[in-house]
Amino acid sequence: MRDHGLAKTGLFHSRYAKAAVLGCAVLALGACSSIRESRGFVNDPVLTRSIEPGIDNQRSVEGTLGRPTFESQYGEPVWYYIASTTGRRPFVRPRIDNHAVLAVRFDAAGNVSSVDRSGIDQVVFLQPDGDMTPTLGRERSFLEDLFGNIGQVGAGGPGAGPGGP
């Protein structure tokens, strides 16, 4: 009869061991989950749809959406509201999950003339060309750069002399 008690105790410990292993696996999988990060303004569709050309002006747009992410510097006044959500897994570069740009154009009087929306389809992804920037011209070595101007500094051109040209 006592053997049954030991068997139950062994079974009891193996259940704890299985639960501990399962708990560790769940924690490990949770650590590898994607980290979501939002940047820019809060893209609320109800608020962005409420901006209407001919009705709103700069003050009402600022009251509804807040200050823009940035404003145009040249040409007609345009306010840009940019929202971006990125997902990132550990040890991997972040990737853009969602991207929205709201461009609110104003006329000379400060009234909304148009509202344009664009998304990730308008984003241009640039890939750098290696570790160096390509340039035109000849390649010079370190020593040529270091000693290349010796004798060039202070050398006069044609007609240059002690009295000047």
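**Salt bridges, rings and a surface patch**

Visitor: Which residues are linked in a network of salt bridges?

Guide: This is a predicted model, in which local features need pLDDT of at least 70 and side-chain atom pairs count only at pLDDT 80 or more, while totals for chains, interfaces and linings use all residues. Residues are numbered from 1 along each chain as its sequence is written, and side-chain values use heavy atoms, with hydrogens and water left out. A salt bridge is a side-chain nitrogen of Lys or Arg within 4 Å of a carboxyl oxygen of Asp or Glu. The residues linked in a network by such bridges are Glu62, Arg67 and Glu71.

Visitor: How far apart are the closest N and O atoms of Glu62 and Arg67?

Guide: Glu62 counts as partly exposed because its relative accessibility is 34%, where buried means under 20% relative accessible area, exposed over 50% and partly exposed in between (1.4 Å probe, protein chains only). Arg67, at 48%, is likewise partly exposed. In the salt bridge between Glu62 and Arg67, the closest N and O atoms are apart by 3.3 Å.

Visitor: Over the face of which residue does Arg67 lie?

Guide: A charge sits over a ring if NZ of Lys or CZ of Arg is within 6 Å of the ring centre and within 35 degrees of the ring normal. Arg67 lies at 5.4 Å from the ring centre, and the ring belongs to Trp79.

Visitor: What is the angle between the planes of Trp79 and Phe106?

Guide: Rings of Phe, Tyr and Trp (its six-membered ring) pair if their centres lie within 6.5 Å, with planes under 30 degrees apart counted as stacked, over 60 as edge-to-face and the rest as tilted; by this rule there are three aromatic pairs. Trp79 and Phe106 form an edge-to-face pair, 4.9 Å centre to centre, and the angle between their planes is 70 degrees.

Visitor: How many residues apart are Trp79 and Phe106?

Guide: Strands (E, at least two residues) and helices (H or I, at least four) are DSSP runs, numbered from the N terminus. Trp79 is in strand E3 and Phe106 in strand E4, so that the pair links distant parts of the chain. Their separation in residues is 27.

Visitor: Are Trp79 and Phe106 buried or exposed?

Guide: The relative accessibility of Trp79 is 5%, while that of Phe106 is 1%. Because of these values, both residues count as buried.

Visitor: Which residue meets Arg105 in a salt bridge?

Guide: Arg105 is partly exposed, with a relative accessible area of 23%, and the N to O distance in its bridge is 3.3 Å. The partner of Arg105 is Glu76.

Visitor: What is the relative accessible area of His99?

Guide: His99 lies in strand E4, which covers residues 95-106. Not counting residues up to four places away in sequence, His99 touches several residues, among them Ile82, Ser118 and Val123, where contact means heavy atoms within 4.5 Å. His99 counts as buried because its relative accessible area is 16%.

Visitor: What is the area of the nonpolar surface patch that includes Leu146?

Guide: Patches are made of residues with over 30% relative accessible area and no salt bridge, like charges being joined within 9 Å and nonpolar side chains (Val, Leu, Ile, Met, Phe, Trp, Tyr) within 5 Å. Leu146, in helix H4 (residues 142-147), makes this patch together with Phe142, Leu143, Phe147 and Ile150. By the Shrake-Rupley method with a 1.4 Å probe, where for residues only the protein chains shown count as cover, the area of the patch is about 600 Å².
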